[in-house]
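Subject: Structure handover

Hi,

Here is the structure for you to take over. My notes follow below it.

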Protein chains: 4
Amino acid sequence: MNTFGNIFRLTSFGESHGAAIGGVVDGCPAELELDLDLIQAELDRRRPGQSALTTSRNEADRVELLSGIIDAPPSESGKARPSVKLTTGTPIGFIIRNADHHSSDYDALRDVFRPSHADYTYQAKYGLRDHRGGGRSSARETVARVVAGAIAKQALRDLGIEVKAWTAQIGSIACERDWTRLNLNQIESSPVRCPDLNVARQMEELVLRVKGEGDTIGGIVAGVVTGCPAGLGEPVFGKLHAQLGAAMLSINAVKGFEYGDGFACVSQRGSQLADRFNADFTTSTNHSGGIQGGISNGMPITFRVAFKPVATLLQEQPTVDIHGQATTIKPRGRHDACVLPRAVPIVEAMAAMTVLDAYLMSKSAKLS
Amino acid sequence: MNTFGNIFRLTSFGESHGAAIGGVVDGCPAELELDLDLIQAELDRRRPGQSALTTSRNEADRVELLSGIIDAPPSESGKARPSVKLTTGTPIGFIIRNADHHSSDYDALRDVFRPSHADYTYQAKYGLRDHRGGGRSSARETVARVVAGAIAKQALRDLGIEVKAWTAQIGSIACERDWTRLNLNQIESSPVRCPDLNVARQMEELVLRVKGEGDTIGGIVAGVVTGCPAGLGEPVFGKLHAQLGAAMLSINAVKGFEYGDGFACVSQRGSQLADRFNADFTTSTNHSGGIQGGISNGMPITFRVAFKPVATLLQEQPTVDIHGQATTIKPRGRHDACVLPRAVPIVEAMAAMTVLDAYLMSKSAKLS
Amino acid sequence: MNTFGNIFRLTSFGESHGAAIGGVVDGCPAELELDLDLIQAELDRRRPGQSALTTSRNEADRVELLSGIIDAPPSESGKARPSVKLTTGTPIGFIIRNADHHSSDYDALRDVFRPSHADYTYQAKYGLRDHRGGGRSSARETVARVVAGAIAKQALRDLGIEVKAWTAQIGSIACERDWTRLNLNQIESSPVRCPDLNVARQMEELVLRVKGEGDTIGGIVAGVVTGCPAGLGEPVFGKLHAQLGAAMLSINAVKGFEYGDGFACVSQRGSQLADRFNADFTTSTNHSGGIQGGISNGMPITFRVAFKPVATLLQEQPTVDIHGQATTIKPRGRHDACVLPRAVPIVEAMAAMTVLDAYLMSKSAKLS
Amino acid sequence: MNTFGNIFRLTSFGESHGAAIGGVVDGCPAELELDLDLIQAELDRRRPGQSALTTSRNEADRVELLSGIIDAPPSESGKARPSVKLTTGTPIGFIIRNADHHSSDYDALRDVFRPSHADYTYQAKYGLRDHRGGGRSSARETVARVVAGAIAKQALRDLGIEVKAWTAQIGSIACERDWTRLNLNQIESSPVRCPDLNVARQMEELVLRVKGEGDTIGGIVAGVVTGCPAGLGEPVFGKLHAQLGAAMLSINAVKGFEYGDGFACVSQRGSQLADRFNADFTTSTNHSGGIQGGISNGMPITFRVAFKPVATLLQEQPTVDIHGQATTIKPRGRHDACVLPRAVPIVEAMAAMTVLDAYLMSKSAKLS
């Protein structure tokens with residue numbers, strides 16, 4: 001299914017080398033002030049070609065909003081605000097045209113299954129596939145997520161909720177795990193989007209070295225949601241962290257998700273992890289990661305997302321064709337040696353949609 | 001929301017100390033042979049009091065199926081099969097009465113928020129809560145999952161698909177990560193449900209030591225799905241591993257999920273993780289964990305689930321009451337020092353439901 | 001699918017002659033005062049055997065609520081209220097045991113398809129069926145709807161919204177179409193539930209005559225929702241009247257639905273049907289039936305539901321068996337000559353659930 | 001919610017005078033041959049300006065498919081088929097640009113609520129509205145339905161299922177009710193789309209007379225689905241006719257829905273309506289309208305849809321503004337005096353989507 005969310009819902013479409021990527025945001029509350037420049041700014045954070053670290057595929061990725069908005073009135077000082085719109089509560093359709101097709105790069109791949117890609121599985125499921133650039137399985141589909149996430153972020157801002165993500169690890173190079181000791185204002189100060197600039201430099205060097213080898217490398221994106229009130233998330237199957245986990249695991253190349261102390265708490269004792277209450281119901285520690293029993297407790301929500309090294313290499317690779325015959329993939333096309341820097345805005349987008357949706361769901365917990 | 005799944009759906013209800021736990025399995029295919037004894041056997045694997053390691057709460061946990069089934073015909077040899085039913089395609093309602101209430105144990109907790117429990121968050125969300133034994137937030141709700149999972153397992157068996165889970169780590173004591181080197185027939189041979197019996201003994205000792213201290217300890221459950229055909233799972237938001245991850249993260253005390261090489265692949269190179277195809281489209285390695293682009297590739301699906309040490313301690317703990325006044329929780333009631341052994345059938349149940357649902361969804365990928 | 005609703009959701013289960021009918025009400029707001037006696041009273045309105053007009057199947061239909069509620073505090077005057085509960089926001093599971101089985105009545109029908117029943121269609125869909133009393137296709141499943149509707153009604157009452165339905169026509173005997181000229185307090189004063197007691201008497205006579213012939217007769221149930229605020233309902237596919245129509249059409253034996261002026265407006269001119277606004281945005285007429293563009297406008301919501309004469313006759317009927325061989329159905333078992341009187345509380349239940357669900361959905365139309 | 005369907009799903013967006021109308025078709029089976037010319041032909045049947053009877057708003061309504069398709073191979077004779085595509089199983093995004101804006105026509109309506117329109121209800125629900133041409137409440141949104149329906153029709157054609165609708169009544173002028181006595185090949189032979197050409201001429205005269213008066217008139221569209229196998233539709237809440245009814249009631253201006261004998265069976269006896277089985281499980285009559293217990297029985301599915309006269313008049317009308325002040329609406333803009341002819345392809349589209357969705361759902365009724 002190509003729909004995400006329960007009330008605030010994104011339905012997306014589009015292939016890597018089709019006419020356009022796009023989507024429909026349904027359930028966006030009305031009367032929200034939407035700054036189109038902020039949406040475009042998020043797309044710019046995701047777009048390829050923004051630094052030496054990323055793929056040279058160069059797409060301007062201009063989004064066009066087709067519905068669901070009307071012009072906002074002038075500011076209080078009477079200044080026109082052409083980039084500001086008001087949501088009307090009706091669905092926001094949008095498209096981003098695919099500009100930079102090199103489809104012929106992929107002709108050699110028409111009848112070949114690339115290792116550790118989704119070529120074979122799409123063929124198995126559907127009986128055919130769009131082989132150009134991975135088709136629907138390409139990470140290019142995430143542009144639609146970034147648009148919807150940028151809308152969700154503006155709604156969350158009005159609620160005092162903020163979502164931040166950053167590159168916490170690339171290969172074996174990791175920054176401090178406790179986000180309160182990091183300067184999150186520095187995330188955008190390095191091309192790898194790691195707020196510890198010393199670590200960022202090491203990460204950058206590693207990525208360039210791996211890129212030079214035609215290889216790829218994975219890493220971890222960490223995230224925090226601050227300002228989230230207590231009471232978001234549904235018991236049992238709709239636990240807030242289960243929805244957040246599903247959101248993250250739906251991003252290409254993600255192999256794992258943890259929240260709060262995550263996998264590390266496996267070797268701790270219960271007595272070490274108890275988050276003691278203060279008189280105002282905040283807790284003195286936050287091992288729980290802001291969620292208890294699937295419902296937010298008002299503390300910051302913390303989580304981490306593991307990305308594998310992407311499978312597209314600039315190296316010759318043995319594989320098979322659709323008849324099972326051995327063949328070889330020649331290095332061609334463009335790729336990211338490390339997707340982490342560009343994954344940061346995608347992680348933020350998915351977290352923003354998840355939290356906004358949980359907020360809207362929580363409104364029906366009581367009658368009035 | 002208390003419903004799990006798209007086509008094969010479990011809707012569950014019930015609190016720890018209410019009249020009953022129960023649920024409705026909707027979308028179960030018709031004409032399935034359902035052995036009620038196998039359902040009960042799965043409940044017995046989950047039930048408390050089954051070994052010295054688990055809580056002494058002693059519930060027989062007898063399930064009663066109320067609808068959706070009719071008597072099966074005799075076996076080919078003419079033997080009556082009273083425990084075998086046929087599903088009719090209509091919803092299967094079921095209940096498990098709560099027999100062993102010690103609700104008065106919880107009177108002292110009526111106005112107290114236990115640290116790292118869901119007491120405060122339920123109160124924040126709903127304005128009130130059932131304080132007895134954690135109410136709906138108690139892991140007792142998982143009995144409904146085990147019933148539904150036992151039904152799903154029997155459907156999967158007819159498709160040649162099998163789900164196995166085991167305790168892979170408790171505290172710092174871990175068994176071999178590669179499941180192909182383990183004897184999975186030995187899972188039930190130890191009370192901790194670790195197939196490496198040497199490691200199992202060490203785990204058992206650790207749990208008993210922690211229990212003696214009134215403390216708790218976490219761990220990792222690993223799982224594998226074998227016999228799964230290629231083509232299950234939906235692209236983009238409904239990726240098979242995203243659904244599997246959401247399923248696992250919805251289990252009480254789960255803090256993390258990974259599949260295939262998971263978090264470990266962060267520090268690997270893409271060239272190290274490429275799963276090369278064989279001529280029959282199997283792969284020579286399985287770093288991917290049986291899923292590519294969110295769709296199964298026919299290889300075994302492997303995953304791991306991190307459980308925190310549960311928050312209920314047999315130790316005095318400082319906390320606050322619902323007015324924010326400092327107070328102390330006295331050790332009372334019963335608890336599991338380590339939930340891992342009893343979590344194994346729950347993990348299997350959630351995996352079975354997820355895979356069966358994906359299978360049923362996959363039937364509409366083609367028209368005929 | 002056996003689930004109704006988006007936020008306030010009923011998932012039901014149970015066959016006519018199985019162990020029990022039941023369901024789960026999910027998404028019921030917390031802190032609602034629920035009077036169990038009012039739920040039982042609605043079941044009593046639906047139950048068979050309440051008058052000479054209805055089937056003699058005599059079921060006490062006692063509902064047992066299994067979860068999602070806690071005891072309500074005493075009334076302000078200190079009086080205990082044992083039948084009053086508070087909802088906790090968690091799912092309300094319930095069952096009604098099937099007491100009065102005459103399953104052997106149906107042995108002759110095991111291999112026979114009754115005309116205009118669902119025997120053949122269930123067999124075609126599922127490959128087998130529970131032949132006893134129609135199994136899941138029996139109108140007995142509507143007891144679960146009445147329970148959930150009785151809960152919804154109590155929530156609506158707190159919002160000042162009331163749902164009323166009545167028998168408006170049986171055969172060719174019809175009462176006044178404009179509900180404002182009827183005394184709706186008299187609905188329960190006649191066994192046919194028609195508020196015009198003169199017409200009611202004629203209806204009663206007709207039903208008894210038809211019953212004496214072993215035949216059956218249809219009719220129309222009319223309904224009105226008063227006190228509904230403007231703004232409920234979703235544009236486009238989730239129009240309030242589309243949801244209401246689907247709710248009504250899901251009731252056994254319903255063949256048609258109309259709202260406002262319905263089919264009658266076909267032969268009117270647009271200029272005749274314009275509902276002119278008053279200064280307070282009420283309208284001077286209500287041809288629209290309280291809904292414009294799928295969204296409630298604050299005027300009473302009016303609708304009508306057509307029921308066919310049920311297919312179970314006390315007459316010999318020719319038909320075929322499952323091999324297509326001609327056979328005859330002998331009159332036996334019990335039946336309603338006219339379902340209208342007992343359909344009234346079912347129509348009310350479905351309308352109450354639909355409106356409450358729309359109310360809860362409408363809370364997310366704006367951010368705060 | 002702006003999504004229709006369970007597996008075959010349309011999510012639509014767009015306002016009357018925004019940039020575009022569009023949608024996403026998700027869940028369309030893969031490997032379907034899709035003729036784009038047939039999609040355009042359906043749009044041409046719906047488009048304004050096609051005859052003297054319809055609004056003079058003149059939109060070419062060219063649809064652009066943006067994803068989910070790849071080029072089809074040449075025909076067996078080697079001929080290229082540029083208008084034929086293959087579906088890939090991934091979502092089909094599409095847009096239709098709004099070409100013929102006369103938004104300034106609507107400036108006078110910015111602060112006015114038109115009687116019997118959705119102006120007031122949108123304002124009540126969302127706190128603001130797009131006043132130009134009715135915004136999202138305009139019937140212009142139905143272009144998205146026609147596109148999705150045209151895709152569904154091509155899938156149904158491959159299954160041998162056909163959907164036909166026609167104008168059965170305008171004002172008091174009605175054609176024969178029994179479709180088997182009509183020549184459905186003549187539907188497109190008259191501008192009103194009534195297959196009885198004598199009746200069609202009378203309808204046409206009536207519409208022109210009403211149009212001359214600046215007034216509007218309603219009517220009934222009848223439909224039939226042939227070739228539908230037994231077994232489609234879900235029991236209880238997802239009955240096939242409940243889904244079909246919801247689909248029809250979601251179309252602008254629809255006030256009622258009936259299937260089979262519908263409201264007319266109210267005054268019949270059960271013995272008159274019994275559809276007797278033939279040896280091949282067809283029935284000798286079809287009072288049931290092809291559905292028993294919510295599940296198709298293999299006979300033609302028949303239904304009727306009541307449309308009110310639309311509320312836009314070319315007459316001066318008294319109303320109120322958004323402050324409740326009395327004002328007058330001057331006749332301007334363009335409108336249809338009778339929407340029936342253009343509603344026919346919309347009814348067909350909704351029926352086609354409903355039946356295809358039910359077909360895809362039915363695949364999971366059995367395991368293999």
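How many residues of chain B are in contact with chain A? The model is predicted, so local features need pLDDT of at least 70, side-chain atom pairs count only at pLDDT 80 or more, and totals for chains, interfaces and linings use all residues. Residues are numbered from 1 along each chain as its sequence is written, while chains are lettered from A and ligands numbered from 1 in the order in which they are written.

**Chains A and B**

To the question: 89 residues of chain B touch 89 residues of chain A. Contact means that the C-beta atoms, placed from the backbone, lie within 7 Å. On the chain B side, the elements giving two or more residues include strand S1 (3–4), helix H5 (240–249) and strand S17 (317–321). Helix H2(B) gives the most, with 6 residues. Helices (H or I, at least four residues) and strands (E, at least two) are DSSP runs, numbered from the N terminus.

By class, this side of chain B has 38 nonpolar, 36 polar and 15 charged residues. Ala, Val, Leu, Ile, Met, Phe, Trp, Tyr, Cys and Pro count as nonpolar; Asp, Glu, Lys and Arg as charged; the others, Gly among them, as polar.

S13 (residues 254–259) of chain A runs antiparallel to S13(B), over 3 bridges. Pairing requires at least two bridges found by DSSP. Phe257(A) has Phe257(B) as its bridge partner.

How are the two copies related? A rotation of 180° with 0.0 Å of shift along its axis superposes chain B on chain A, at RMSD 0.0 Å. That is the relation of a two-fold axis.

**Chains C and D**

Here 89 residues of chain C are in contact with 89 residues of chain D. H2(C) gives the most to the chain C side, with 6 residues. That side divides into 38 nonpolar, 36 polar and 15 charged residues. S13(C) and S13 (residues 254–259) of chain D pair antiparallel over 3 bridges. Glu258(C) stands opposite Gly256(D).

**Within chain A**

Strand S7 (residues 84–87) pairs antiparallel with S4 (residues 33–35) over 3 bridges. Leu34(A) faces Lys85(A) there. S7(A) also runs antiparallel to S6 (residues 69–71), joined by 3 bridges. In that pair, Ile69(A) stands opposite Thr87(A).

Best wishes

Technical notes: Least-squares fit on C-alpha atoms with pLDDT ≥ 70 in both. Contact = placed C-beta atoms within 7 Å.
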